[in-house]
Amino acid sequence: MSGRTHTKRCRILNHSVPAARQHVESLLTEWKLDALIETAALITSEFTTNVVQHARGAGEFFELGVRRRDSVLVVEVSDSFQWRMPALCRPAAEDLGGRGLLLVDALADTWGVRPRDPGKTVWAQLRIRREASPLCRT
């Protein structure tokens with residue numbers, strides 16, 4: 001399969017976080033990428049939570065994109081909030097938040113942020129590993 005792309009527009013609301021996560025889970029089930037579902041869903045949850053927490057008032061919507069290209073799955077979230085680009089930081093032990101991108105950094109093969117007009121797109125890539133299929137079934 002050379003590639004698939006799916007884009008969904010979502011409102012910047014609290015209930016959009018679990019809805020986006022469930023959407024990615026369903027999409028990857030349909031694409032037969034079951035081995036990536038948990039990781040992609042967690043990354044989606046982190047990205048969309050950041051939009052809901054930090055991009056309110058910068059537009060009504062964000063865009064969730066999922067792309068499969070050869071051996072890579074890309075999950076990305078775009079919003080119109082342009083005043084602060086996400087960055088990896090190390091929160092203090094007593095901080096209640098700020099660990100989402102640390103999780104993304106640990107789970108994704110690579111991730112980053114690119115500006116757009118207006119706003120930004122935060123993306124993560126996951127390698128699609130071919131699972132060995134058994135030669136004989138018992």
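Keep in mind that the model is predicted.

Let's start with the helices. Helix 1 covers residues 16-30, and helix 2 covers residues 37-54. How do they pack? The angle between them is about 150 degrees. Their axes lie 8 Å apart. Angles over 145 degrees count as roughly antiparallel, so helix 1 is roughly antiparallel to helix 2. The crossing of helix 1 past helix 2 is right-handed.

Now, which residues meet there? From helix 1 come Val17, Ala20, Arg21, Val24, Glu25, Leu28 and Thr29. From helix 2 come Ile37, Ala40, Ala41, Thr44, Ser45, Thr48, Thr49 and Val52. Sort the residues of this contact by kind: eight are nonpolar, five are polar and two are charged.

On to the strands. Strand 1 is residues 3-11, and strand 2 is residues 61-69. They run antiparallel, joined by nine bridges.

Look for Glu63 here; its bridge partner in strand 3 is Ser78.

Last stop, the turn. Strand 2 and strand 3 make a hairpin, with two residues between them. Which residue in that turn has a positive phi? Asp70, at about 50 degrees.

To recap: helix 1 packs roughly antiparallel to helix 2.

How values were computed
Residues are numbered from 1 along each chain as its sequence is written. This is a predicted model: local features need pLDDT of at least 70, side-chain atom pairs count only at pLDDT 80 or more; totals for chains, interfaces and linings use all residues. Side-chain values use heavy atoms; hydrogens and water are left out. Axes are lines fitted to C-alpha atoms, for helices over the stretch in contact, and angles run from 0 to 180 degrees between N-to-C directions. Helices (H or I, at least four residues) and strands (E, at least two) are DSSP runs, numbered from the N terminus. Angles under 35 degrees count as roughly parallel, over 145 as roughly antiparallel, 65 to 115 as roughly perpendicular and the rest as oblique. A crossing is left-handed if the near helix is turned anticlockwise from the far one by less than a right angle, and right-handed if clockwise. Contact means heavy atoms within 4.5 Å. Ala, Val, Leu, Ile, Met, Phe, Trp, Tyr, Cys and Pro count as nonpolar, Asp, Glu, Lys and Arg as charged, and the others, Gly among them, as polar. Two strands pair if DSSP finds at least two bridges between them.
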